[in-house]
Amino acid sequence: MKGRKKSLIAVAAVAGLITAALGTGIASAGKPKANPLKGEGVNMKIIANIPWKSGSDMEFATIKGRDYAFAGSFASINDGGGLHVIDITDPEHVKEAAWLKCPVYQSDIQISADQKTVIMGVDSTGGPEACLAANRIGFMTVDITNPLKPKPVGMADIPRGSHNITAHPKLPLIYNSDSDVGNVRGEVQIWSIKNPAKPELVNTIMVPGHSTHDISFNTEGTRAVTAGVDDIEMLDTTDPENPTLASIMHCPGCSIIHDAKFTPDGKTVIVGDEGGGGSAYPCPGGALYFYDVVETPAAPVLALKGMYEPQEVALARDGQSGPQACTSHVFDISDDGTKVAISWYSAGSRYLDVSKYTGVTVGANSTPDAVKELGWFMPDGGVTWSSKFYKGPYIYSNDEQRGFDVFRITKP
């Protein structure tokens, strides 16, 4: 969650910087220096770092035969804020391909189904550096048809802001999660980006309890599951512009339901609990929960079948004098549904075998009775926000302190 509705970090007050913010050049006198490739871990090796501050979310796409990571930072431009385009075609030698100098908070990142548009969540009023999001909240659309020259093209104005956004896997639709806990009832706005330059609101649905913190679709886009802060909702999205509530349940022991994702086969939902909301919280923090999707005559429901939290995490490291943020955060599920890469803030990136809970057995890597931690890495000075897979034995991390880290899985 990390700081609802707080002001964007220091922004330039000089109007002339608005023009500079539109540039995509990657040289900057004030940009942080590369971080050392050091830390501690098991079965994971850090192999690259591209530095910036306040790293948040990231997504991936293959465009014209090359692989790219699109990574957000909500720092000032001097600290690397904006949208970074990283060429990861050769993961052993990644390089920054472009830098769109438009920092927004929290800079949640999504990519449209046609892979032509990046959507950036704007949760607090953008400052003069924020390009089309200056003095606005909602989400900004960025044209990436040429990933070497990302261009902001449109803005959806949403009074409650965009804490997270979710792109439909098949259609040019965006579901907005404002995570607003101040209103009596929550809402989900549904936007069309058929014309990315002019996002259009097509529907607003009300949900029980808080507004959703995040939403994920199944592969077909016919169902969605919400991380609703205090509950988990299953939505029937057969008609994605007019979804209906199929079922609702609570997560036992959850502090803040932060993430909820379908496995690729749609038979399991993995839920992450962000203990402490990203503030100081002792390890191991909030857990991961695993649910079966049970088909009933009335509606699909979720049945809890297990949980996981790491057992070996440092309580204080890198000179820390007490507990830091240490809890589950943004995670990713492998294409075969058997592995999870997850950020754990100060406890780094974790690499998990979840085949027992996802109903898949894969040779020696399967485990009969629990989630198995296959590897982990805590980089020096790192507070990792998001950890994700993309092709091959690699995990990519966007870190609040270090920027973009690449890890090679040394023991698959």
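Cysteine 102 and cysteine 131 are joined by a disulfide, with 1.9 Å from S to S, a disulfide being a pair of cysteine sulfur atoms within 2.5 Å. This is a predicted model, in which local features need pLDDT of at least 70, side-chain atom pairs count only at pLDDT 80 or more, and totals for chains, interfaces and linings use all residues. Residues are numbered from 1 along each chain as its sequence is written, and side-chain values use heavy atoms, with hydrogens and water left out.

Staying with that bond, the torsion about the S-S bond of cysteine 102 and cysteine 131 is about -75°, so the disulfide is left-handed. Cysteine 102 is buried, at a relative accessible area of 0%, and cysteine 131 is buried too, at 10%, where buried means under 20% relative accessible area, exposed over 50% and partly exposed in between, with a 1.4 Å probe and protein chains only.

How many disulfides does the rule give? The count comes to three, so let me turn to cysteine 251 and cysteine 254, whose sulfur atoms are 2.0 Å apart and whose S-S torsion of about 45° makes that disulfide right-handed.

Cysteine 283 has a relative accessible area of 14% and is buried, while cysteine 326, at 1% relative accessibility, counts as buried.

If we number the bonded cysteines of the chain in sequence order, the pairing reads 1-2, 3-4, 5-6.
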